Amino acid sequence: MPPIVAEEKSQTLAVNGGPKTIDSLEGSPQPKIWHEEFLQVARTWGYSDETIEKIGEAIADEVPPGAPFGGGAFHGRYYNPRPSNVAEFEAKARELLNVKHAYAVSSGTGALHSAFIAADVCTGDEVIIPAYTFFATASAAVVAGGIPVWCEVDESMTMDPADLERKITPRTKVIAPVHMNGYVCDMDAIMKVARQHNLRVVEDCAQAFGASYKGKRVGAFGDFGCYSISCFKVTGGGEAGMLVSNDDRLFDRARNFAEAGGLWRPNRFGHPRWEGELFCGLNYRQSELEGAVNLVQIGKAQKQLDQWRANKRHLLESIPAYLHLQPQTINDIEGEMNHSLGFLPDSRADSEKLSGALRAEGLSAGLRGTAPDWHYADDMWQINQHMSATSDGFPWISPQTVESGGPPDYGENPAPRTKDLSERHLKIGIEKWWTKNDCAKVAEAITKVLDAFYERDGDKKLLNVVSRKR
Ligand SMILES: Cc1ncc(COP(=O)(O)O)c(C=O)c1O
């Protein structure tokens, strides 16, 4: 190698006392995001001038011009001059859900994906999923390399513990019960099966933020609880999610996966602190803007749950029980989310007739439509037809899957009992803002319709017959 020539001419470098090339530049630094630009977004939400002013004050302490990329309003979780909204949201979630760890992510799907990876779902491992859920539960399992195994739901419209037991094979790695529509699963029975077979449990709580089973919040039973905190759910205003766990190592693994392999760590770029701590991950971080909205939302969650609970109880206490009309089973009346009242009439035709009559009385009632719907396993073609994102057929025809017997042949109707129940399942919406008088009117309307079609079961009320019998 020739010697470095800079030796000779070094007197000209500023570092050696020579003239400095840049004393000033003509242009001046501009904030990357102006207040006004940000407030334009706030204005689209229809706030009053007073609120807009408050928002303006709240975002006033922006990163000074001269910061990387021009400064301006700064909405990242790390290096933020203000306390992180997202961290505060997590603290509130830990308190509300009574869990050791909570990590805010960008979607419920991201939470599920991270949980499946952290639970060590390897290529070809089976994940047992109820056949009534949103597609994301199964999709996240497949992206992690898992093979979904459909479990039937029972009359609670949640995972049937008896079918769960039947679906376990030596390849099963994870059970993923889903607290669908805010109905809580029979967690005693599910956890018993999981313990007996030494399986991990990832609870999909996307539709049940704050719901509980026998006094314990859902999400806290399994190894992980995965929430969707979005505008489509009871809590949330945009697109976000939440991952909770009571297990330190499992939580660290999930968080690592959701944060590019470990950006959250106290010594971010430090060596692994324990065997297997570090690996490659993605970025499912929740944004600070989203966190600000969610912070307000989580503050309202318990009151909303209480309102729904009171209104559903009112209906269950007022509406008679009927012979030959099966109400949906409830695993925990005090704990479920209570935003609907369900029945399982004998046939779809009966269900349609009731639904029409209820709607005519001014109620919101409905059942599964006839168009394809990715909430029901029989319509989830990506799974049932082994569709893959990549040309290697991952994970359906990956060597590990093939070696262990290949993926199930799901067929056209992979969960016949769930299909039957879902086609008869009649749901009547319950609103949290109903007053006592509203509840009385709603109970009267429902009773009027049911009286016209069915015979009352003596003096019994729905409350006497809806709970799961053991
Ligand atoms: C049962 C269930 N699981 C998972 C998800 C996915 O959540 P997200 O849309 O936040 O990714 C949803 C969302 O609708 C859901 O309903």
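Helices α5 (108-118) and α6 (136-143) each contribute at least two residues to the shell around the ligand, where helices (H or I, at least four residues) and strands (E, at least two) are DSSP runs numbered from the N terminus. With three residues, α5 provides the largest share of this shell. The model is a predicted one, in which local features need pLDDT of at least 70 and side-chain atom pairs count only at pLDDT 80 or more, while totals for chains, interfaces and linings use all residues. Residues are numbered from 1 along each chain as its sequence is written, and side-chain values use heavy atoms, with hydrogens and water left out.

The shell can be described by class: six residues are nonpolar, seven are polar and two are charged. Here Ala, Val, Leu, Ile, Met, Phe, Trp, Tyr, Cys and Pro count as nonpolar, Asp, Glu, Lys and Arg as charged, and the others, Gly among them, as polar. Of the 15 residues around the ligand, those that come nearest are Thr109, Asp204, Gln207, Ser228 and Lys233; a residue is near a molecule or strand if one of its heavy atoms lies within 4 Å of it. A nitrogen atom of the ligand lies 2.7 Å from a polar side-chain atom of Asp204. For Gln207, an N or O atom of the side chain is 2.7 Å from an oxygen atom of the ligand. Ser228 likewise places a polar side-chain atom 2.7 Å from a ligand oxygen atom. Taken alone, the ligand exposes 380 Å², of which the protein buries 89%; accessible areas come from the Shrake-Rupley method with a 1.4 Å probe, and for residues only the protein chains shown count as cover.

Ser228 also belongs to strand β8 (residues 224-228), and five of the five residues of this strand are buried, meaning under 20% relative accessible area, with exposed being over 50% and partly exposed in between (1.4 Å probe, protein chains only). In a regular strand the side chains alternate between the two faces of the sheet. In β8, Phe224, Cys226 and Ser228 point one way, and Gly225 and Tyr227 the other way. Strand β5 (residues 200-204) runs parallel to β8 and is joined to it by three bridges; two strands pair if DSSP finds at least two bridges between them. Val202 has Phe224 as its bridge partner in β8. Strand β9 (residues 241-245) runs antiparallel to β8, with four bridges between them, and Val244 in β9 is the bridge partner of Gly225.

Asn181 lies in the loop between β4 (172-175) and α8 (187-196) and is buried, with a relative accessible area of 12%. The side chains of Asn181 and Tyr183 make a polar contact (3.3 Å), that is, a pair of N or O atoms within 3.5 Å; within protein, one must be able to donate a hydrogen and the other to accept it, and residues adjacent in sequence count only if both atoms are side-chain atoms. Not counting residues up to four places away in sequence, Asn181 touches Tyr132, Gln207, His339 and Lys427, with contact meaning heavy atoms within 4.5 Å. Ala211, in the loop between β5 and β6 (212-213), is buried with a relative accessible area of 0%.
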